[in-house]
Amino acid sequence: MPSWIGAVILPLSGLLLSLPAGAEVKARSCGEVRQAYGAKGFSLADIPYQEIAGEHLRICPQEYTCCTTEMEDKLSQQSKLEFENLVEETSHFVRTTFVSRHKKFDEFFRELLENAEKSLNDMFVRTYGMLYMQNSEVFQDLFTELKRYYTGGNVNLEEMLNDFWARLLERMFQLINPQYHFSEDYLECVSKYTDQLKPFGDVPRKLKIQVTRAFIAARTFVQGLTVGREVANRVSKVSPTPGCIRALMKMLYCPYCRGLPTVRPCKNYCLNVMKGCLANQADLDTEWNLFIDAMLLVAERLEGPFNIESVMDPIDVKISEAIMNMQENSMQVSAKVFQGCGQPKPAPALRSARSAPENFNTRFRPYNPEERPTTAAGTSLDRLVTDIKEKLKLSKKVWSALPYTICKDESMTAGAANEEECWNGHSKARYLPEIMNDGLTNQINNPEVDVDITRPDTFIRQQIMALRVMTNKLKNAYNGNDVNFQDTSDESSGSGSGSGCMDDVCPTEFEFVTTEAPAVDPDRREVDSSAAQPSHSLLSGSLVCIVLALQRLCR
């Protein structure tokens with residue numbers, strides 16, 4: 001005989017003895033509860049047909065009940081699972097925002113780098129031919145290091161760019177002076193003149209500012225999306241405390257035990273339970289909101305002065321312009337280097353007499369700033385940023401809003417219109433206690449959930465710290481600084497990788513916005529070319545022809 005049968009007989013027999021003769025006893029049926037309980041997938045073997053005494057209940061009111069001990073245990077576990085699913089479903093938007101946008105941004109940036117490298121290689125092969133192919137590793141190394149930086153490698157952007165221009169100067173210097181033999185020590189001396197002589201004009205300085213701050217912003221923004229994704233995924237997987245589980249059971253399933261399975265909790269009652277259960281999550285909100293604000297600031301930089309797309313798309317033309325500057329000033333550069341490093345030894349006759357490729361008339365398409373590339377992400381940076389900014393704004397205050405989002409669901413609570421016909425934790429009546437404020441410390445007097453305010457959740461505190469660190473990185477990126485390489489000995493100098501700021505002031509727009517090589521006066525071009533011919537070998541003269549072709553094409 002099931003245990004609940006005895007529990008029914010004893011109280012009913014006592015009740016019959018106390019009733020006057022002729023009186024009828026009609027025990028309340030548990031039929032409605034049985035139907036609701038079975039619909040949850042539970043066996044009906046545990047549930048009585050009529051109410052029984054409730055002294056055995058540990059959570060619900062110990063009055064006449066439709067719940068056995070087994071039912072209370074099962075429903076308690078059910079309330080825990082439903083709460084965990086509720087939090088996960090409610091935070092679905094913020095989690096999918098960071099997951100999907102991280103994927104799109106990462107895909108876009110990687111494709112942008114691949115396209116820029118391919119564009120430079122194609123253009124330089126067509127324009128310089130074998131001269132480029134014999135020295136292509138200089139440019140390949142540049143893009144390899146840029147990719148390594150973006151993917152989190154320990155790369156100092158400024159030093160890497162300085163090395164690129166120094167290596168390019170060494171190669172160019174040998175090409176414009178083929179009549180000489182240069183030792184490794186001599187070439188090292190040549191590279192030391194990069195900053196002093198400015199053989200590539202102002203392009204290296206301008207490109208350094210643009211590349212460093214654009215890459216810092218792009219990498220940090222994607223790192224921010226990663227941190228946001230990880231924090232959202234971790235925080236959405238809650239582990240309710242025993243006190244929370246008791247409160248959830250009392251709110252969600254004690255109405256079953258009282259024979260009221262269709263009566264939903266009062267809204268304010270639900271809010272107090274959720275505020276108690278999600279007290280630590282609410283404490284995440286302050287740091288989360290600061291993190292979102294910092295993400296929005298960097299997003300604005302990506303749209304404007306730190307736009308990596310506008311830097312990388314025309315980088316081939318900018319480097320070509322620098323090469324033209326070097327070729328135009330080759331005589332002056334060589335003279336100053338010879339003066340500083342000494343006269344080099346003559347090269348063997350075979351090497352000094354060789355000629356450059358003859359065909360430099362292959363045209364390449366100039367960069368058009370109005371065109372926006374379509375990448376594997378199927379979008380442009382501006383469109384990506386506009387989209388993510390809207391989503392980020394919607395994710396503010398998401399953690400403190402969880403109780404309100406959960407409790408406003410009509411399937412969860414009775415709603416404001418049914419304040420007298422809702423479950424208040426004891427019966428179907430109005431819920432009278434006041435609503436608690438958000439956060440752990442404000443739950444000290446929570447009437448529904450036993451919360452230990454002296455023991456903050458260490459897991460949530462770890463997420464708060466992760467957000468704090470990321471917010472600091474984002475603030476540095478907004479100012480053009482890479483926190484990984486910032487020179488703490490002289491922070492105000494802007495030294496370190498990617499300060500991107502001149503005279504301690506970050507400009508609001510790119511200092512260098514030219515997307516085509518500047519036009520050169522035809523008369524000047526003729527003077528330069530005629531002056532260069534008697535002073536150089538056949539190879540040097542051919543390189544000047546490259547300059548003329550590039551200048552005409554880039555105008």
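Trainee: Which residues of helix H2 are buried?

Mentor: Val33, Arg34, Ala36 and Tyr37. H2 covers residues 31-39. Keep in mind that this is a predicted model.

Trainee: What covers the buried residues of H2?

Mentor: Helix H3 (69-90) and helix H12 (254-257) are included in the cover.

Trainee: Where does the charged end of Arg34 sit?

Mentor: Over the ring of Tyr49. The distance to the ring centre is 3.9 Å. There is also Arg301, whose charged end sits over the ring of Tyr478, 4.1 Å from the centre.

Trainee: And just after H2, what phi does Gly41 take?

Mentor: A positive one, about 95°.

Trainee: Switching to aromatics. How many aromatic pairs does a search of the whole structure find?

Mentor: It finds 23. Take Phe124 and Phe139 as one of them. Their ring centres are 5.4 Å apart and the planes stand at 75°, so this pair is edge-to-face.

Trainee: Why edge-to-face, for Phe124 and Phe139?

Mentor: Because planes over 60 degrees apart count as edge-to-face, and the planes here are at 75°.

Trainee: Which helices do Phe124 and Phe139 lie in?

Mentor: Phe124 is in helix H4 (residues 92-128), and Phe139 is in helix H6 (residues 136-150). The pair therefore ties together parts 15 residues apart in sequence.

Trainee: Phe124 and Phe139: buried or exposed?

Mentor: Phe124 has 1% relative accessibility, so it counts as buried. Phe139 has 5%, and it counts as buried too.

Trainee: What about the rings of Tyr253 and Tyr256?

Mentor: Their centres are 5.0 Å apart, with the planes at 75°, so that pair is edge-to-face. Tyr253 is buried, at 2% relative accessible area. Tyr256 counts as buried at 8% relative accessibility.

Trainee: Back to Phe139. Which cluster do ring pairs link Phe139 into?

Mentor: The cluster contains Phe124, Tyr128, Tyr132, Phe139, Phe164, Trp165 and Phe200.

Trainee: And leaving aside neighbours within four places in sequence, what is Phe139 in contact with?

Mentor: Leu120, Phe124, Tyr132, Phe164, Leu168, Ile319 and Ile323.

Trainee: How many residues has the largest nonpolar core?

Mentor: It has 138. Phe105, Phe139, Trp288, Met312 and Ile319 have the most contacts inside it.

Trainee: Which helix gives the largest share of this core?

Mentor: Helix H10, residues 203-235. It supplies 15 residues.

Trainee: What follows H10? Where is the place of Ser239?

Mentor: In the loop between H10 and helix H11 (242-252). Ser239 counts as exposed, at 66% relative accessibility.

Trainee: How are Ser239 and Glu84 placed?

Mentor: They are 155 residues apart along the chain. Their C-alpha atoms are separated by 7.5 Å.

Trainee: Zooming out. How many helices and strands has the chain?

Mentor: 24 helices and two strands. Of the 555 residues in the chain, 51% are buried.

Trainee: What share of the contacts with a separation of 6 or more comes from residues 24 or more positions apart?

Mentor: They account for 79%.

Methods. Residues numbered from 1 in each chain as written. Predicted model: local features only at pLDDT ≥ 70, side-chain atom pairs only at ≥ 80, totals over all residues. Heavy atoms only, no water. Phe/Tyr/Trp six-rings, centres within 6.5 Å; stacked < 30°, edge-to-face > 60°. Helix = DSSP H or I, 4+ residues; strand = E, 2+ residues; numbered from the N terminus. Buried < 20%, exposed > 50% of the residue type's maximum accessible area, 1.4 Å probe, protein only. Lys NZ or Arg CZ within 6 Å of the ring centre and 35° of its normal. Core = buried A, V, L, I, M, F, W, Y, C linked by side-chain atoms within 4.5 Å. Contact = heavy atoms within 4.5 Å.
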